[in-house]
Amino acid sequence: MGPAQEADLDQWDQMIDTNCKGLTYCTRAILPGMVARGRGHVINLGSVAGSYPYPGGNVYGGSKAFVHQFSLDLRSDLHGTGVRVTSVEPGMADTEFSTVRFGGDKGQADAVYAGMQPLTADDIAEAIYWAAAQPPHVNVNRIELMATAQSFAPFQVARDS
């Protein structure tokens with residue numbers, strides 16, 4: 001959550017191991033069976049942080065940009081196999097991850113959502129269900145969803161004081 005120049009490298013390693021390496025290893029393990037059956041659906045969980053930067057998002061945003069691009073490349077590699085690929089990219093969501101990213105400090109996690117209604121795990125699950133429920137000839141490439149109270153603006157501007 002802090003600036004890159006003050007980041008904890010162990011936390012960066014954990015994010016890369018989880019969001020990039022974990023995703024690629026699991027995907028590689030399941031793809032041969034899906035391709036052999038001529039069907040399946042890889043649904044990856046990204047984040048709007050992979051498209052829209054925010055202060056302190058550094059490696060988290062980069063790892064979620066990886067999820068987005070990896071999903072697009074998988075879709076290309078799996079062309080003609082019958083295997084579908086979707087990237088679901090939610091914005092602010094009040095889930096257990098919120099507490100984990102603040103080292104278990106529930107109060108700090110709750111403060112992020114003070115005065116607004118964030119997405120819930122159920123909201124995200126509904127989007128995933130919708131993508132998965134499409135007929136086999138339909139591939140939903142990407143779903144981006146945010147709480148109504150969130151947007152990707154404004155850009156940061158540093159001003160002389």
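Guide: Buried means under 20% relative accessible area, exposed over 50%, and partly exposed in between, with a 1.4 Å probe and protein chains only. This is a predicted model, where local features need pLDDT of at least 70, side-chain atom pairs count only at pLDDT 80 or more, and totals for chains, interfaces and linings use all residues. Residues are numbered from 1 along each chain as its sequence is written, and side-chain values use heavy atoms, leaving out hydrogens and water.

Take helix α2, residues 58–77. Helices (H or I, at least four residues) and strands (E, at least two) are DSSP runs, numbered from the N terminus. The 20 residues of α2 reach 28 Å from first C-alpha to last. That is close to the expected 28 Å (1.5 Å times one less than the number of residues).

Buried in α2 are Val59, Tyr60, Gly61, Ser63, Lys64, Val67, Phe70, Ser71 and Leu74. They pack against α1 (9–37), β1 (40–45), β2 (83–90) and α3 (96–101) (contact: heavy atoms within 4.5 Å).

β1 and β2 pair in the parallel sense over 6 bridges (pairing takes at least two DSSP bridges). The chain runs from β1 through α2 to β2, a right-handed β-α-β crossover (clockwise from first strand over helix to second, strands pointing away from the viewer). Valine 42 faces valine 85 in β2.

Now the cysteines. The structure holds 0 disulfides (cysteine sulfur pairs within 2.5 Å). Cysteine 26 has its closest cysteine sulfur 13 Å away, in cysteine 20, too far for a bond. Cysteine 20 counts as buried because its relative accessibility is 13%. Cysteine 26 is exposed, at 53%.
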